[in-house]
Amino acid sequence: MGRIVTPVKIENLLDPSKKIEIDALVDTGAYMMTLPAVWRDRLGNLPSSRKIELHLANEETVEDEVCGPVYIQIPGFHRIASEVLFVEMKPANGEYEPLIGYITLEQSQAAVDMVGHRLAHVHHVDLK
Amino acid sequence: MAKLSLRDLDVREKRVLMRVDFNVPTEMRGGKIRVTDDTRIRESLPSINYLREHGAKTILMSHFGRPKGKRVEKYSLRPIGEYLHSLIHHPVIFSHDTIGDVPKKIIDHMESGDVALLENLRFQPGEEANDPEFAKALAELGDLYVNDAFGTAHRAHASTVGITKFVPKSAMGFLMEKELKHLKEGLEKPAKPFVVLLGVAKVSDKIGVLKALMEKADTILIGGAMANTFLKAQGIPVGASRVESDKVDLARELLDLAKNKDVKFLLPIDVVEAEEIRAGADMRNTSRLSPQHGITDGWQAVDIGAATIALYQEEIAKAETILWNGPMGVFEIPEFGEGTIAIAEAMAQSGATTIIGGGDSVTAVKQAGLADKMTFISTGGGASLEMLEGKELPGVAALSDKA
């Protein structure tokens with residue numbers, strides 16, 4: 001499929017002065033907007049919503065923290081009110097790689113265009 | 001006394017707390033909780049959109065499932081908030097706490113037109129207990145209160161009744177108004193013949209409703225598990241069917257009452273019986289039910305039979321007003337849903353005023369693709385039945401009177 005990296009703006013809804021603008025990897029296997037735990041202070045004093053267990057590709061299970069509320073804006077898509085997941089990440093080549101997971105994509109009504117290697121807008125809502 | 005409506009409130013720049021009923025059917029799919037029937041969410045959109053268009057800061061609160069006063073993650077309203085976003089095309093700010101600092105801070109940062117959703121009210125034990133402290137904590141989050149949750153208006157909970165004591169004005173939302181109009185006005189003096197279909201599970205739950213309906217209805221058609229208790233009262237063997245054995249005398253009294261009131265009170269004359277309640281179980285239509293020929297030992301009634309369908313269709317065709325509450329059988333299993341679907345189709349073709357009184361009958365009508373053929377579909381099964389019983393709904397009574 002190749003890699004899709006897109007800019008994303010994340011803003012602490014309770015303190016709009018605390019925001020980050022980054023490039024993040026679209027990862028449909030990831031749960032939600034996922035940031036390295038070391039960035040947590042950059043979003044200010046964001047309340048912890050819950051802890052969740054994550055099953056990693058190496059079969060390991062870790063517990064990480066979901067915090068919010070934040071606004072998340074992928075350019076060209078709806079701005080959403082959501083949460084972010086902070087996980088212990090190791091930088092690759094000296095850089096962290098934040099992930100845009102499927103919950104964030106669904107809320108933003110964004111789908112992966114595998115041919116065009118970009119995000120495409122989904123106009124319908126998901127109802128069985 | 002008439003109650004205040006949302007239209008009577010000056011909501012601009014105000015924090016408006018609105019009780020909605022987002023207790024919608026869901027399923028786990030693709031690792032995520034998905035809404036499978038969004039009727040109740042969509043029905044609340046007129047009030048939500050009105051508040052947004054009139055510059056209010058809308059704070060929505062609802063219950064979801066039965067978490068019994070504690071946090072149970074599968075009953076979080078988070079996915080419902082995400083779904084609502086896709087309907088209103090505006091961020092829905094989710095507060096992971098119901099009361100306290102988190103929602104307070106969120107609301108402080110809201111702008112006119114914004115929408116927030118509080119975490120499940122029933123994560124708090126004070127909700128169902130109608131605890132004044134919890135009601136007060138909720139009330140502190142808003143300037144005005146609107147109740148648009150008809151489905152819970154028959155419950156005196158903190159978010160439906162208690163809260164009204166701590167806000168200066170409380171009003172009905174548009175869904176609440178619509179429900180009351182159709183159920184109260186529509187059934188106060190129904191066009192005759194007035195036919196009622198009841199398919200609820202227990203006689204004991206519906207004694208008051210049945211007695212009240214006997215004052216108005218010309219014909220009452222019984223289906224569902226409730227029918228078994230009436231059949232037993234007539235001495236008809238019911239096999240292994242679900243029966244309220246301690247309510248057989250009561251069923252007999254109700255049959256006598258119907259006779260005295262000159263109400264045609266019809267029970268199934270045949271049923272579909274099955275060896276067990278599961279898809280693929282052995283099943284068959286019984287012969288005409290009588291004390292000599294009842295439901296087979298060890299078998300259970302799972303639907304009304306072919307002759308009963310024909311009989312009920314005849315009564316429906318004669319009606320000018322029809323009220324339906326509760327499926328005729330175990331319609332969740334398609335093989336046992338024929339009677340329920342046949343009733344829905346007969347209603348759709350009847351030309352009468354048709355009112356679906358909430359609950360599973362709504363699901364059945366939708367599954368049959370006939371929702372748009374009905375005059376009115378209520379979002380509240382329990383509340384609509386209590387209204388029919390003539391009871392005042394606590395969630396309505398508690399709202400501010402019109403001046």
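Predicted model: local features only at pLDDT ≥ 70, side-chain atom pairs only at ≥ 80, totals over all residues.
Visitor: What makes B:Glu73 and A:Arg50 a salt bridge?
Guide: Their side chains meet at 3.7 Å, N to O. The cut-off is 4 Å between a side-chain nitrogen of Lys or Arg and a carboxyl oxygen of Asp or Glu, so the pair qualifies.

Visitor: How many salt bridges does the rule find across the interface of chain B and chain A?
Guide: The rule finds three. Five residue pairs across this interface are in polar contact.

Visitor: Which elements of chain B supply at least two residues each to the side that touches chain A?
Guide: Strand 2 (26-29), strand 3 (32-35), helix 3 (78-88), strand 5 (92-95) and helix 4 (101-108) of chain B each do. Helix 3 of chain B gives the most, with six residues. By class, this side of chain B has nine nonpolar, eight polar and 12 charged residues.

Visitor: How many residues are in contact, and what area is buried between chain B and chain A?
Guide: In chain B, 29 residues are in contact with 25 residues of chain A. The buried area is about 2200 Å², and carbon and sulfur atoms give 55% of it. B:His85, B:His96 and B:His109 lose the most area on the chain B side, together 21% of what that side buries.

Visitor: Why are strand 2 and strand 3 of chain B called paired?
Guide: Four bridges join strand 2 of chain B to strand 3 of chain B, and the two run antiparallel. Pairing needs at least two bridges, so these strands pair. B:Met28 stands opposite B:Ile33 in strand 3 of chain B. The two strands form a hairpin with two residues between them, and B:Gly30 in the turn has a positive phi of about 60°.

Visitor: How do you know that strand 16 and strand 17 (residues 376-377) of chain B pair?
Guide: Two bridges join these parallel strands. B:Ile356 has B:Ile377 in strand 17 of chain B as its bridge partner.

Visitor: In which sense do strand 15 (residues 321-325) and strand 16 (residues 353-356) of chain B pair?
Guide: They pair in the parallel sense over four bridges. B:Thr321 has B:Thr353 in strand 16 of chain B as its bridge partner. The chain goes from strand 15 through helix 12 (residues 338-349) of chain B to strand 16, and this β-α-β crossover is right-handed.

Key: Residues numbered from 1 in each chain as written. Chains lettered and ligands numbered in written order. Heavy atoms only, no water. Right-handed = clockwise from strand over helix to strand, strands pointing away. Contact = heavy atoms within 4.5 Å. Buried area = accessible area lost by both parts, 1.4 Å probe. Polar contact = N/O pair within 3.5 Å; in protein donor to acceptor, adjacent residues only side chain to side chain. Nonpolar A, V, L, I, M, F, W, Y, C, P; charged D, E, K, R; others polar.
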